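Me: I want to go through this model and check the terms used for it. Please take my questions one by one.

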Amino acid sequence: MKSRSLVTRGAALTLALTAAVTCAVPAQAAPGTRGLETLADQTVRAGAPGVAVRVSGPGASVEIARQAAWTRADHRLSADDQFRMASNTKTMVGTVALQLVAEHRLSLDDKVEKWLPGLVPDGGAITVRMLLNHTSGLPDYIYAPEALLSITGQVPRSWKPAELLALVAAEPPLAPPGASYSYSNTNYIAAGLILERAGRRSLPELVNERIFRPLGLRDTYFATDGTSRDGDRLAHGYEPDREHVGPLLPPGTPDSIFFVGPQRPGHVDVTNHDQSWLWAAGGVVSTPADWERFLKALLSGKLLPPAQLAQMRTTVEEPDSKGTARYGLGLEQYLSPCGPVWGHTGGDPGYGSQNYVDDSGRSAVTVVTTTLFGTHEPTLAAADHKLVDGAICAMLRKPIPAG
């Protein structure tokens, strides 16, 4: 899933909160460090189970973690923890795709049908480029009833990529291929299968060989189920319980859809839900430090030749963003109040993340909240949005916006 700080209908969750703090601030800290601490505190008071912020750049860095008191018995939150990065994975998938393009093993103009005969509706008209920039018109499989029951933990199961594609095989297209942008996780399931065939490796192997290992991302891995590879390193994620979640789900979601997991105050713990439904659309687990290293390497030209990096940064408008975001090939440009940045957002039950880097690849920022649908509550959505923009401004060494 893709996460953005969205204001939707819903009632505030009333929780008695106190903050647990992790804060490491070197002597040459980024501007607005104290302001970021305040914004993180406000985000937890607004209802976030926990939030972690990391800003890094030349001669300046800061790490902040805050959590609600009721979450401490499960896990002591740290900015060094691992988080499910969800749709941020698409940036890694796009990177591998463009590496294969540079090696002439794949073309952005290849038709999907060439690589996946019979698997994707209208595959003879959809190109690899359309998959990567979400202009294919393919509907999103995550809204299929079977997928929703799995995602929420009501009917646990393991998914194969071809099964996810089959969920929308009979659905009408959202638009003709290439006509318009419409975010769909289905695009990246198809792209992942194409990469496996072009790269002659499994997708986890490709990402490990081409990104994790060369960059030394030792705390990053590709999740295929709900098991944490590194035990307690994975931060716990939560969603509002059945009593509170209804108004926060997408319009039209049946009342029978709710999250299943160990009960917590107003929430359920969804940390160990099976992740196979995400795969190429969002399966990577990482730390803020590892992810920032990846984004810096990407934007500074260490992972792609100039021609392919330019292709990745060629964007289309995201109509729902009201002019604040554009989408490239697995890479998003966000026009923050303090200037444009590059990166992606991610949303997996229990985890919402926003990761950005400046144009030069020298400074990066990560904001992770240990809930996804909880951030759709208006008060928390507003606090989360302020925190993300404040962290970006600190990364760009500009004052945090007032209000």
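Me: Which residue takes a positive phi in the hairpin of β2 and β3?

Reply: Gly59 does, with phi near 70°. The hairpin has two residues between its strands. Before we go on: this is a predicted model, where local features need pLDDT of at least 70, side-chain atom pairs count only at pLDDT 80 or more, and totals for chains, interfaces and linings use all residues. Residues are numbered from 1 along each chain as its sequence is written, and side-chain values use heavy atoms, with hydrogens and water left out.

Me: What makes β2 and β3 strands, and what makes them a pair?

Reply: Strands are DSSP runs of E with at least two residues, helices are runs of H or I with at least four, and both are numbered from the N terminus. Strand β2 covers residues 50-57, and strand β3 covers residues 60-67. Two strands pair if DSSP finds at least two bridges between them. β2 and β3 are joined by eight bridges and run antiparallel, so they pair. Val55 stands opposite Val62 in β3.

Me: Why is β3 called largely enclosed?

Reply: Because seven of its eight residues are buried. Buried means under 20% relative accessible area, exposed means over 50%, and partly exposed is in between (1.4 Å probe, protein chains only).

Me: Why does Ala52 count as buried?

Reply: Its relative accessibility is 0%, so Ala52 counts as buried. Ala52 lies in strand β2.

Me: What is Ala52 in contact with, leaving aside its neighbours within four places in sequence?

Reply: Contact means heavy atoms within 4.5 Å. On that rule, the partners of Ala52 include Ile64, Ala65, Phe83 and Val367.

Me: Why is Leu387 called buried?

Reply: Its relative accessible area is 0%, so Leu387 is buried. Leu387 is found in helix α12 (residues 378-395). Leaving aside neighbours within four places in sequence, Leu387 is in contact with residues including Leu36, Val51, Val53 and Val367. Leu387 and Asp41 are 346 residues apart in sequence, with C-alpha atoms 9.7 Å apart.

Me: Is Ser363 buried or exposed, and why?

Reply: Buried, because its relative accessibility is 8%. Ser363 sits in the loop between β14 (351-357) and β15 (364-369). Beyond four places in sequence, Ser363 is in contact with residues including Ser56, Lys296, Asp358 and Met395.

Me: What makes a group of residues a nonpolar core?

Reply: The members are buried Ala, Val, Leu, Ile, Met, Phe, Trp, Tyr and Cys residues, joined through side-chain atoms within 4.5 Å. The largest nonpolar core here has 93 residues. Met92, Leu106, Tyr141, Leu195, Phe294 and Leu298 touch the most other members. Helix α7 (residues 186-199) gives the most to this core, with eight residues. Another core, of 23 residues, lies apart from it and has Val44, Val53, Trp70 and Met395 among its members.

Me: How do you know how α2 and α10 cross?

Reply: Axes are lines fitted to C-alpha atoms, for helices over the stretch in contact, and angles run from 0 to 180 degrees between N-to-C directions. The axes of α2 (residues 89-102) and α10 (residues 288-299) come within 12 Å and cross at roughly 35°. The crossing of α2 with α10 is left-handed. That word applies if the near helix is turned anticlockwise from the far one by less than a right angle; clockwise would be right-handed. Thr89, Thr91, Met92 and Thr95 in α2 meet Trp291, Phe294, Leu295 and Leu298 in α10.

Me: Why are β6 and β7 called edge strands?

Reply: β6 (238-240) and β7 (263-264) each have a single partner strand, so one side of each is left without a neighbour in the sheet. The open sheet has the order β6-β8-β7, with antiparallel pairing. Three bridges link β6 to β8 (residues 267-269). Glu239 stands opposite Val268 in β8.

Me: What makes β12 largely enclosed?

Reply: Four of the five residues of β12 (residues 332-336) are buried, so this strand is largely enclosed by the rest of the structure. β12 pairs with β11 (residues 325-327) in the antiparallel sense over three bridges. β12 also pairs with β13 (residues 339-348), antiparallel, over five bridges. Glu332 is the bridge partner of Tyr327 and stands opposite Gly343 in β13.
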